[in-house]
Amino acid sequence: MTGGGEPGRRLAAAPPPPAGPGTAGPGTAGPGTAGPGKAAGGAPPPDPGRPAGEPGAELAGPPPVWLLLDRATVQARVAELGAELRADYHGVEPVLVSVLRGGVMFLADLVRAAAMPCKVDFMAISRFDASEETGVVRIVKDLDMDLSGSHVLVVEDVVDTGLTLTYLLRVLAARGPASLRVCALLDKRARRIVDVPLSYVGFEVPDVYAVGYGLDLDERERGRGEILAVDDLEAVRRDPTLLDTPAEWSS
């Protein structure tokens, strides 16, 4: 949902919406509950070139760019999520909603992986100055579909504070869907302010500025298949080639 904000892609407010639906089936409120998301990532360890016990090792910081999730790991998890959606939404045709533009690549791959009857629609938002504190945003492109009676799945790129997502869920819930759930690629739980319910999670990641696979750096780099963590934005802006040789940190 977020665009190219500064570290770490802060979403921006309202109390959480009603809880999601229960078990799927004819005449029920919505699809079944998904299993827990997979954790990945973690705070970068000290510089691997410096022995842990050597004086000054504790002062060593992470490199400007490091590999958060490689292409194969991302695609494997998307395939798993697609299979979960196909099973949970069996017998119904959900509406998958994404907020432009960060989640578009994830949404496209997820639809192909799920290989199920579904509809797709998009929203675009614009933030106010105080949106980080309130979560309230202006909808500049609304959905074209009527959500009344539909099973709606919001497909997100990153969830961090949960404020803006909670606000948008309240907006969508007011439109009378039969069920309303969230599928997030990245969950920055360390930044959470509002406990917004996530039914499907790709990866839990640390509080880093993520780039690639739909996530931008100054509206660039969305097309990368891997996801990078950028620790030094200004260094990368001065030398974008740093993105091509990320360090490989173990979690």
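Which residue forms a salt bridge with Asp187? In this predicted model, where local features need pLDDT of at least 70, side-chain atom pairs count only at pLDDT 80 or more, and totals for chains, interfaces and linings use all residues, the partner is Arg189, with the closest N and O atoms 3.0 Å apart. Residues are numbered from 1 along each chain as its sequence is written, and side-chain values use heavy atoms, with hydrogens and water left out.

A salt bridge here is a side-chain nitrogen of Lys or Arg within 4 Å of a carboxyl oxygen of Asp or Glu, and the structure holds 17 of them. Burial goes by relative accessible area: under 20% is buried, over 50% is exposed, and partly exposed lies in between (1.4 Å probe, protein chains only). On that scale Asp187 is buried at 2%, while Arg189 is partly exposed at 36%. Another salt bridge links Glu84 to Arg77 (3.5 Å, N to O), and Arg77 counts as buried at 5%. Lys141 pairs up with Asp144, the closest N and O atoms being 3.8 Å apart; here Lys141 is partly exposed at 28% and Asp144 is exposed at 67%. Then there's a network of salt bridges that ties together Arg101, Asp216, Glu219 and Arg222.

On to the helices and strands, which are DSSP runs numbered from the N terminus (helices: H or I, at least four residues; strands: E, at least two). Asp109 sits in helix α2 (residues 104-114) and counts as buried, at 14% relative accessibility. Its side chain makes polar contacts (N or O atoms within 3.5 Å; within protein, one able to donate a hydrogen and the other to accept it, with residues adjacent in sequence counting only if both atoms are side-chain atoms) with the side chains of Gln75 at 3.2 Å and Tyr213 at 2.8 Å. Setting aside neighbours within four places in sequence, Asp109 is in contact (heavy atoms within 4.5 Å) with Gln75, Val78 and Tyr213. Helix α4 (residues 163-173) is mostly covered, with eight of its 11 residues buried, including Leu163, Thr166 and Val171.

As for strands, three of them form an open antiparallel sheet in the order β2-β10-β9, where pairing takes at least two DSSP bridges between two strands. β2 (65-69) and β9 (209-211) stand at the edges with a single partner strand each, so one side of each is left without a neighbour in the sheet. β2 and β10 (residues 227-230) pair over four bridges, and Trp66 stands opposite Ala229 in β10.
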